[in-house]
2 protein chains.
Amino acid sequence: MGLCVLKFGGTSVASPDLILAAARRIIDTRAAFSRAVVVVSAMGHTTDQLLELADAVNPHPSRRETDMLLATGEQVSIALLAMALQSLGAPAISLTGQQVAIRTTSSFTRARIRSIDTTGIMAELDRGRIAVVAGFQGVTDDGQITTLGRGGSDTTAVALAAALAADVCEIFTDVDGVYTADPRLVPDARKLDRISYDEMLELAVLGAGVMHSRAVQFGQRYNVPIHVRHSRKSDAGTLITRESPEMENASVVGCALKENLGRVSLRDLPNRPGVDAAIFNALAEADINVDDIIQNEASGGGMNISFTVEHRDLADIKPAMERVLTGFGRGEMSIDVGLSRVSVVGLGMRHHTGVAAKMFTALAEAGINILNITTSEIKISCIINRSDGERALKSVHSAFDLADGQPAAIDTITPMRSVRA
Amino acid sequence: MGLCVLKFGGTSVASPDLILAAARRIIDTRAAFSRAVVVVSAMGHTTDQLLELADAVNPHPSRRETDMLLATGEQVSIALLAMALQSLGAPAISLTGQQVAIRTTSSFTRARIRSIDTTGIMAELDRGRIAVVAGFQGVTDDGQITTLGRGGSDTTAVALAAALAADVCEIFTDVDGVYTADPRLVPDARKLDRISYDEMLELAVLGAGVMHSRAVQFGQRYNVPIHVRHSRKSDAGTLITRESPEMENASVVGCALKENLGRVSLRDLPNRPGVDAAIFNALAEADINVDDIIQNEASGGGMNISFTVEHRDLADIKPAMERVLTGFGRGEMSIDVGLSRVSVVGLGMRHHTGVAAKMFTALAEAGINILNITTSEIKISCIINRSDGERALKSVHSAFDLADGQPAAIDTITPMRSVRA
């Protein structure tokens, strides 16, 4: 007996008609798997509307009350979707995060799942029902309602699929799957049939908005195949799975652009143990994600560190870093804004050489200045000016022949390790 | 240390501004009592909007899923009200029916409260917080979300006040209090300073919409003083309490009009035990409330029964009664529509005589035909044609001098018991 977890995002349940369409899709999918658990997000712009209401009564609402408020969005969706399934003759029951017992940490607005009790869901499946579970929400050990933050509903779905040992987690969304680049920016971008967890993780972090990295991490840890597909098309989408030998053939599987970045440069810091820890603890306390970290020794014997952050975090970062510099008794800060990051990702980089050279050549030929470079085993990222972003993405996409699905020829021998700054 | 339970209805929290106004009111009231528990309904027309969404996906949604859906309305309100209180500097915490542990029966959409665990609320009050509790909702022993049906939030408030042994339950609403008649229909209707539970119960059942009878019954059973008042005026409203000697002075304390009634007449029924039981069990199974029941022997030895129902129940009543008549093997049914009920209520009727005669005289002088009469110890109701309704209410209100607050002179000696049909 197969078991499938299906997840529908907010745009896929934004109206009663769409909810009924989702219900039909669920019934069809269930016919193939025999048992189905559905995870659903809040309808359309519900979450934004609730946050607007909150802002009107309190510009700085407590995170506990924010979660109490936001959790209602998914509760509306599960009730309506269960009703829609019932109206189509399919037995169904809605369950809140609390009712399933999706236990989380007590970090309101960004809680992490600690455990899922599958007893109740399995009992409903055994009764022949479709279990419709609220995404994005959970409950602490003492009964407080929490939400999981960005990518929360995807995370709920993949975590449930893991806990239930589902055959697959189908993520129904408003795009056809994962593309070699954002098709709104690169018209000849191609849909990928398969991608590995590692590649998807890199792409998610680097700016591909299809799946949030937390959900992909869950899938990777518990080996849950994730199928990203369009909610109103029957075509297969993209399967996110463990890497398989044929994946290695492609040196680059996709590229991504992330915009609205700023670069924080700290110069002339003391060159002694504990300096990094002080900086990154301060960033963690302010709940700021940073990337593209580059550290090197300055000519005068001090140390330089720079990293990128999203524009929206700049207001918090300045005071946090000023306090750290005051603590050091030395150092200077400068901030550049209006930056973007263009990246290429592919498992094949581990074996193919020349990927970095090809990327830099493509950018150079397009006359684009590279401000910073960072790499991992399976990605290369370049920080560029925002005005160059779209052109950079297109150049790189074209250089690696991503549109036609054949691995790009790599004929130079620059080992990519040498790129590390 | 005093404790006050405050309840705000949907119209009193229909917008962020109104929520902030309610929050200020709560803070002021709490200053007088030192401890405050707030019960709140869903904002404005939220419940209707949710029911519209439900109807669009399933014209006959399951009652369990309806409760799952509707309970979100109050959850939004408690979160926003807690945020508003916090923004005004008052420590507050929102609690769902589940979190308080308001245990109910499992009759979805019309559950009854079985118990309330006050431990959690008392702990929050001890921490100096205002507890903001979702009205209208509860939870079954196995964790299902239920709602209490009509008058649910009032019932939550009064039940909480009883469980917490509060000094008073203040019901903030969009009217000034309980009036001698609906002031929209009778311009010189007068606000009552006090009314007994019994009188308020009769008025609530008879059509005065201020308080639902369930909440008043709770108040009476646990002797909770209920103060009905305007949410945006500081004037005292109407206190619903145990009867006191001075209340007996008024033969009639108020009058009420209920419209859109139909009268079901069953004639020539078998005259044997079990006939009433069969009829009223069938009505209970169809969840139909009836009133003004009159039963008498027909001239041919059979039995006649008639009763009134609301128009909206007529569609369900016809098939139910037809099945009952088929079971009897005899009997006829006829239904009159377009009726109203005008009633007068007052504890003083128990001691004063002539109340019925005065009422009938007033209606006769206004040329209004009385179709049926029913009485209790403290009320007299007349079924009339709907077109006579407003005029009947005004005539009766005037006959008992309700506008000037002095007990009406009763000078006839017709004992009201003789009115019983």
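This is a predicted model: local features need pLDDT of at least 70, side-chain atom pairs count only at pLDDT 80 or more; totals for chains, interfaces and linings use all residues.
1. H1(A) passes H2(B) in a right-handed crossing; a crossing is right-handed if the near helix is turned clockwise from the far one by less than a right angle, and left-handed if anticlockwise. The helices and strands named in this note are DSSP runs numbered from the N terminus, with at least four residues for helices (H or I) and at least two for strands (E). The contact is made by A:Pro16, A:Ile19 and A:Leu20 of H1(A) together with B:Leu53, B:Ala56 and B:Val57 of H2(B). Contact here requires C-beta atoms, placed from the backbone, within 7 Å of each other. By class, this contact of H1(A) with H2(B) has 6 nonpolar, no polar and no charged residues. The classes are nonpolar for Ala, Val, Leu, Ile, Met, Phe, Trp, Tyr, Cys and Pro, charged for Asp, Glu, Lys and Arg, and polar for the others, Gly among them.

2. Residues are numbered from 1 along each chain as its sequence is written, and chains are lettered from A and ligands numbered from 1 in the order in which they are written.

3. The axes of H1(A), residues 16-33, and H2(B) come within 9 Å and cross at roughly 45°. Axes are lines fitted to C-alpha atoms, for helices over the stretch in contact, and angles run from 0 to 180 degrees between N-to-C directions. The angle makes H1(A) oblique to H2(B). Angles under 35 degrees count as roughly parallel, over 145 as roughly antiparallel, 65 to 115 as roughly perpendicular, and the rest as oblique.

4. A second pair joins H2(A), residues 46-57, to H3(B): their axes come within 8 Å and cross at roughly 30°. The two helices are therefore roughly parallel to each other, and H2(A) passes H3(B) in a right-handed crossing. On the H2(A) side A:Leu53, A:Ala54 and A:Val57 take part, and they meet B:Leu80, B:Met83, B:Ala84 and B:Ser87 in H3(B). By class, this contact has 6 nonpolar, 1 polar and no charged residues.

5. Across the interface as a whole, 28 residues of chain B are in contact with 28 residues of chain A. On the chain B side, H1 (16-33), H2 (46-57), H3 (63-87) and H4 (97-100) each supply at least two residues. The largest share, 14 residues, comes from H3(B). By class, the side of chain B that touches chain A has 17 nonpolar, 10 polar and 1 charged residues.

6. Chain A is divided into domain 1 (3-174) and domain 2 (244-421), with bounds from an automatic or database domain assignment. The C-alpha centres of these two domains lie 35 Å apart.

7. A:Thr308 is found in strand E15 (residues 303-310) of chain A. A:Thr308 counts as buried because it has 24 C-beta neighbours inside 10 Å; the cut-offs within 10 Å are 20 or more other C-beta atoms for buried and 12 or fewer for exposed, with partly exposed in between. Leaving aside neighbours within four places in sequence, the contacts of A:Thr308 include A:Leu261, A:Val290, A:Asp292, A:Leu339 and A:Ile383. The C-alpha atoms of A:Thr308 and A:Asp292, 16 residues apart along the chain, are separated by 5.8 Å.

8. A:Glu243 lies in the loop between strand E12 (238-241) and strand E13 (254-269) of chain A. With 15 other C-beta atoms within 10 Å, A:Glu243 is partly exposed. Not counting residues up to four places away in sequence, A:Glu243 touches A:Ser196, A:Asp198 and A:Leu347.

9. Most residues other than glycine have a negative phi. A:Asp268, in strand E13 of chain A, has a positive phi of about 60° and is partly exposed, with 17 C-beta neighbours inside 10 Å. B:Asp287 also has a positive phi of about 60°; B:Asp287 lies in the loop between helix H9 (275-285) and strand E14 (291-297) of chain B and counts as exposed, with 11 C-beta neighbours inside 10 Å.

Technical notes:
Two residues are in contact if their C-beta atoms, placed from the backbone, lie within 7 Å.
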